[in-house]
Amino acid sequence: MSIRSAVEDDAFAIARIQILAWRQAYAGMMPQDFLDRMDSVRRVTSWRRALSAPAAMATDVVLGPTGDIIGFFVYGPSRDADAAAGTGELVAINLLPAHWRRGLGRSMMARLLAAAAEQGWQALTLWVLETNLQARQFYEAHGFEADGARQVDLKLTGAPLHLVRYRRLLSMPPHGAPG
């Protein structure tokens, strides 16, 4: 597996992964009609636009053994109004369901944490569906903790989505040092 920065020509593969991963991961958590209506043409157009324009958010893609794109993640400076300077945000992390539970998520997270260190961020946050226990366990296994912030998204699916924010400190004082 290798990871590289996404380019505009990756839009179709990223859209396909997003649709397949969301349909699998969010079944029973998001309205099924929303998941069924996810349209690859609209997603490709949206991803092509995002990848062609300079943006604060970075998108990296994961290449499988044959060189095909099998996953992606998006990150950048935190978009939260209450974020302290030096806070980054994991916006999305998606992997084709056929590649789940093979350690690739761990590799993606390691690359994300390295990118966060390169940016000089002191903390990294993310928002996750409150009911997505599998994702929450994944983030907790990588040192993220719920920080008490919550929000309800009414726009994405037309139904209320309850989200919780997770945070991981990145620059911590050495063990035993005052902090």
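Serine 78 is buried in this predicted model, its relative accessible area being 17%, where buried denotes under 20% relative accessible area, exposed over 50% and partly exposed the range in between, computed with a 1.4 Å probe on protein chains only. The residue is placed in the loop that joins strand 3 (69–77) to strand 4 (87–95), with helices (H or I, at least four residues) and strands (E, at least two) taken as DSSP runs numbered from the N terminus. When neighbours within four places in sequence are set aside, serine 78 is in contact (heavy atoms within 4.5 Å) with Ala83, Thr87, Gly88, Glu89 and Thr125.

Because the model is predicted, local features require pLDDT of at least 70 and side-chain atom pairs count only at pLDDT 80 or more, whereas totals for chains, interfaces and linings use all residues. Residues are numbered from 1 along each chain as its sequence is written, and side-chain values use heavy atoms, with hydrogens and water left out.

In soluble globular proteins, nonpolar side chains tend to be buried together. Beyond its neighbours within four places in sequence, tryptophan 47 is in contact with Ala11, Ile14, Ala15, Gln18, Thr59, Phe72 and Val74.

The axes of helix 1 (residues 11–25) and helix 3 (residues 40–52) come within 8 Å and cross at roughly 125 degrees, axes being lines fitted to C-alpha atoms over the stretch in contact, and angles running from 0 to 180 degrees between N-to-C directions. Helix 1 is therefore oblique to helix 3, since angles under 35 degrees count as roughly parallel, over 145 as roughly antiparallel, 65 to 115 as roughly perpendicular and the rest as oblique. The contact is made by Ala11, Phe12, Ile14, Ala15, Gln18 and Ile19 of helix 1 and by Ser40, Arg43, Val44, Trp47, Arg48 and Leu51 of helix 3.

Leucine 170, in the segment after strand 7 (161–169), counts as partly exposed at 26% relative accessibility. Leaving aside neighbours within four places in sequence, leucine 170 is in contact with Leu113, Ala116, Trp121, Gln122, Ala123 and Leu124.
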